[in-house]
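Q: Hi, I have a new model open and could use a hand reading it. Could you start with the charged side chains and how covered they are?

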Amino acid sequence: MSDKKGFTTIELLVTIPIFGILILLVFTSTASNMNIIKNIEAEVELQQQAQFIFDFMEEKIIQSTGVIYLQDSKGLQKHNSNEKVSILKIIFKNSPDHKDKGYIFALTKDPQNDCYNLKYGIGTMGGASDEVGNFIQNIEVEPIPLHKNYNEADGIYICINFVLDECTLTFENSYFFRNSNRRV
């Protein structure tokens, strides 16, 4: 028996490929898990955005008497129509006895991402400056009921499409105006 310590060439030729395969498996598994975690984080972020936006909008919309202005994503006014609209800006009017005359919601292009931010303002004309949410691909609305124009509707259906990285989610809800029996 030999006293020499070390590895033989055969042992090295067998061990190195096995070790390489193990490293490859660990790396592939780790990369896959990191992608899964990234997707889960994006989905959670979008769900939180949707929850906050819908909670915020609900409070404002149900106080309103209806829609007085609706601008589609092409810049056309659509508040006198009843078609499904991808919005750029919408203004809800309040009853005359309410301290806020109305609520403005507008989409602005996010300069860092390929999506929009939702902004909010108070009034019946002008713009919106307070940011409410992010990662919005588009917002689609329809009047409730469908046969009425937006400015005569009893409520509004809202569908928000979100996008973050490669994750896309859609959330929707319907709201009825508390004072819908009043004309806007």
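**Charged pairs, cysteines and strands**

A: Happy to! E59 counts as partly exposed, at 42% relative accessibility. On this scale, buried means under 20% relative accessible area, exposed means over 50%, and partly exposed is in between, using a 1.4 Å probe and protein chains only.

Q: Before we go on, what kind of model is this, and how are the residues numbered?

A: It is a predicted model, where local features need pLDDT of at least 70, side-chain atom pairs count only at pLDDT 80 or more, and totals for chains, interfaces and linings use all residues. Residues are numbered from 1 along each chain as its sequence is written, and side-chain values use heavy atoms, with hydrogens and water left out.

Q: Thanks. Which residue does E59 form a salt bridge with?

A: That would be K60, with the closest N and O atoms 3.7 Å apart. A salt bridge here is a side-chain nitrogen of Lys or Arg within 4 Å of a carboxyl oxygen of Asp or Glu. K60 is buried, with a relative accessible area of 11%.

Q: How many salt bridges are there?

A: The count comes to 5. Among them, K109 and D114 meet at 3.1 Å, N to O. K109 is partly exposed at 46%, while D114 is exposed at 69%.

Q: And which residue does K148 pair with?

A: K148 forms a salt bridge with D154, their closest N and O atoms being 3.3 Å apart. K148 is partly exposed, with a relative accessible area of 25%, and D154 is also partly exposed, at 23%.

Q: Switching to cysteines: how many disulfides are there?

A: The count is 0, taking a disulfide as a pair of cysteine sulfur atoms within 2.5 Å. For C159, the nearest cysteine sulfur belongs to C167 and is 15 Å away. For C167, the nearest is that of C115, 13 Å away.

Q: Is C159 buried or exposed? And what about C167?

A: C159 is buried, with a relative accessible area of 6%. C167 is buried too, at 10%.

Q: Last topic, strands. How covered is β1?

A: Mostly covered: 8 of the 9 residues of strand β1 (residues 64–72) are buried. Strands are DSSP runs of E, at least two residues, numbered from the N terminus.

Q: Which strand does β1 pair with, and in what sense?

A: β1 pairs with β2 (residues 85–94) in the antiparallel sense, over 7 bridges. Pairing requires that DSSP finds at least two bridges between the strands. If you want a spot to look at, L70 stands opposite I90 in β2.

Methods:
Helices (H or I, at least four residues) and strands (E, at least two) are DSSP runs, numbered from the N terminus.
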